[in-house]
Amino acid sequence: MSKAGVKKKFSLSLRQTFFICLFFTLPLLYMMIIGMLPGGDLTALVFATPVILIGGPRFFRSGWAAFKNHKANMDTLITIGTLTAYFYSMYALSRGEHVYFEIAALLIVFILLGQVFEELTKGRASQAVEKLLHLQAKDALVVRNNKEVRIPLAELKVGDVIIVKPGEKIPTDGQVISGESYVDESLVTGESKPSRKETGDTVIGASINTTGSFRFKATKVGGETLLSQIVELVRQAQTSRAPIQKLVDSISHYFVPIVLILSILTFNVWFGLLGASVTTALLYAVTVVVIACPCALGLATPTALMVGVGLGARRGILIKSGEVLEKAKNIKTIVMDKTGTITLGQPVVTDIVGERNTVLSIAASLEQQSEHPLAKAVLEAAQKIKLDAVKSFKAYGGQGISGVVGSKKSFVGTADLMRDHNISIPSEIEKKWQGLQSEAKTVVGVASGNTLLGLIAIQDAPKPTSKSAIALLSHQGYKTIMLTGDNKATAEAIAKDVGIDQVIAEVMPADKANAIVELQSKTPVAFVGDGINDAPALATAHLGIAMGSGTDVAIESGDIVLVKNDLLDVARALKLSKKTFGRIKLNLFWAFVYNLAGIPIAAGVFSSLGLTLNPALAGLAMAFSSVSVVLSSLLLTRTRL
Amino acid sequence: MELIVLLISLILIGTIVWWFFGNHQTETVSAEVMGNIQKVQIIVEGGYKPETIRLKAGVPAELTFLRKSASSCFDEVLLPDFGKQAALPVNEPYTLIIKPDKPGTFTYSCGMHMFFGKIEVIS
């Protein structure tokens, strides 16, 4: 030890203390169950004393320190219980009466055992955050001065070009600049299918590259990365206070002193009223002291919160605080933004009428020159089709485009554009055109020369899971509402497609929050949005659920943040919130019932029915009531989401 | 004999009520402001001493917990209003940095919500 070093007290760990005490208690257990050892009561004293001296002080010191502060806790109860049994036995020994040394020793051993278990289970309950941190890569292969060098994660800077090889972990958040691959993001977002990454796509640190190889530029490092933000969020949520805890906190303040008073009353009733001996009355009083367990009440909420929040985090569902759980259980109506929440947020080609390749080839060749938003959807659909060069390109504002493809003048555009250029629309195709439009799709005709070759329908289509997610929410009893700035026809067509109950359309972004306020005057409302332009509505709703593929805005504005962009997670998040809150209530219920039932049994209220408790067993029950609460919280991990 | 026991019991009950629920003065200590940081030490033994600490709003605060009690009651300290939680080692100082932005009175507790301390943030 250095000279300046503080002199450290020698102290045994909890487990060491437990095993030493257990060693000295075994002979006492033998005497209790099988028969006397040589030396009788004196031997009991010899074995019980080391247990009191080695195992006791951690409780005695804490109990005494609390007492001096006008406070009482579990240690106060253990101290009073064990010391009463021990000193009474010394007195009894001196008078040749029955002794209870084994009770004093066993009480300490059982409570130590309970604490060993509690340490183990609590460790498991708080593992979620640590697990997330372990997901990070240790180092990164970067290009510095045109050379590839492997550097520790801490030295990574924004702008570094990082090389990712097959099977490697992606070291930080960034944007792909070359190469392509499929990346498994399940550890961070919970998304089970690997997602394709190519130039321009964003990658998330701690996700795993599969078979391809690519380079990306770091956009976020250190504490700024999505994973770091998730870890910080989970930590804060796990420490947060659930409002239900306030009730427990006010009870725990009175709990121990009231138990002490009950114990004194028990002694008086047995000794004074029922004429029992001092020994019998004292045993009942001690049992009352040791069976009461304020810890089970105290542990009920935080352990369930820790497990529930941790479980969500592993699935990409971030519950921001304990308060959110209580809000979530009251929700009756779920209001959803349309673009990017229910739909993909980008138009895609949904239908093609006519010969697919020909129609797409001509349309895409022309659209190469166009800057119209719909052009992107057509080009996307025609990715695998060879495109032709276009001559004499012309755009007709709001109507369409034309150009010479091959040798013929070709058109992509509205029915009016077709008619203006003497292209006839057969009645059969016209019917299909109108049919597609009634489904709220944007429809364009594709013509070559004077012949209409076919139609292309474009729509911001619902995400693949939206329909099943809304069905699931309806099944769970929620009313679903779509809130959108889009025109009524488009919104209603999408709503019909995915099964939404009600549509509120043509609402300007700034008015979304007002619409939420109005809905909330009737029932508790959850709002699901992508966080970018929905921040006011997310903040206004009773419960804001932000979906946003992990954007900063989404993380800041929601009560619940869904890392994955999947509406099914809304149902999962609400289920998890309800389950976790339910578990808190169940834990509290059992902790209350345990104490409410245990104390009268300990006091001997049911002794006429033969139901009594030995003080040592009461200590065991007390120790394991805390363990059972922690185990009950751990059972949450078995929830199917 | 029974009467004496009853009398002693009543005195004991009265003492318990007075000792635990009576209006006892608790200690309040203001953090020492050193430039851009304020520091305060909290002894963890049978409760948090001082029971109330006073911090200045807007200045990051270094709370050093010195846990002297091995009791499992004090394994953890939870500061929900500041989003902090820590496992406290025995007989070793442990420092937590919090940002007291808003004035007000906040409580913190042990992991089992049995012992409470107060943080008064003044502007």
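## Domains, a helix pair and the A–B contact

The domain assignment of chain A gives three entries, tabulated here with bounds that come from an automatic or database domain assignment.

| Domain of chain A | Residues |
|---|---|
| domain 1 | 157-220 |
| domain 2 | 321-343 + 463-575 |
| domain 3 | 348-459 |

This is a predicted model, in which local features need pLDDT of at least 70 and side-chain atom pairs count only at pLDDT 80 or more, while totals for chains, interfaces and linings use all residues. Residues are numbered from 1 along each chain as its sequence is written, and chains are lettered from A and ligands numbered from 1 in the order in which they are written.

Back to the domains: the C-alpha centres of domain 1 and domain 2 of chain A are 29 Å apart.

Now for a helix pair. In chain A, the axes of helix H18 (residues 466-475) and helix H23 (residues 568-602) come within 7 Å and cross at roughly 30°. Here axes are lines fitted to C-alpha atoms, for helices over the stretch in contact, and angles run from 0 to 180 degrees between N-to-C directions. Helices are DSSP runs (H or I, at least four residues), numbered from the N terminus. The crossing angle makes H18(A) roughly parallel to H23(A) (angles under 35 degrees count as such). H18(A) contributes A:Ser468, A:Ala469, A:Leu472 and A:Leu473 to the contact, and H23(A) contributes A:Leu568, A:Val570 and A:Ala571. Residues are in contact if their C-beta atoms, placed from the backbone, lie within 7 Å.

Finally, the chains meet: 41 residues of chain A are in contact with 32 residues of chain B. On the chain A side, the largest share, 11 residues, comes from H9(A).

Notes. Helix = DSSP H or I, 4+ residues; strand = E, 2+ residues; numbered from the N terminus. Parallel < 35°, antiparallel > 145°, perpendicular 65-115°, else oblique. Contact = placed C-beta atoms within 7 Å.
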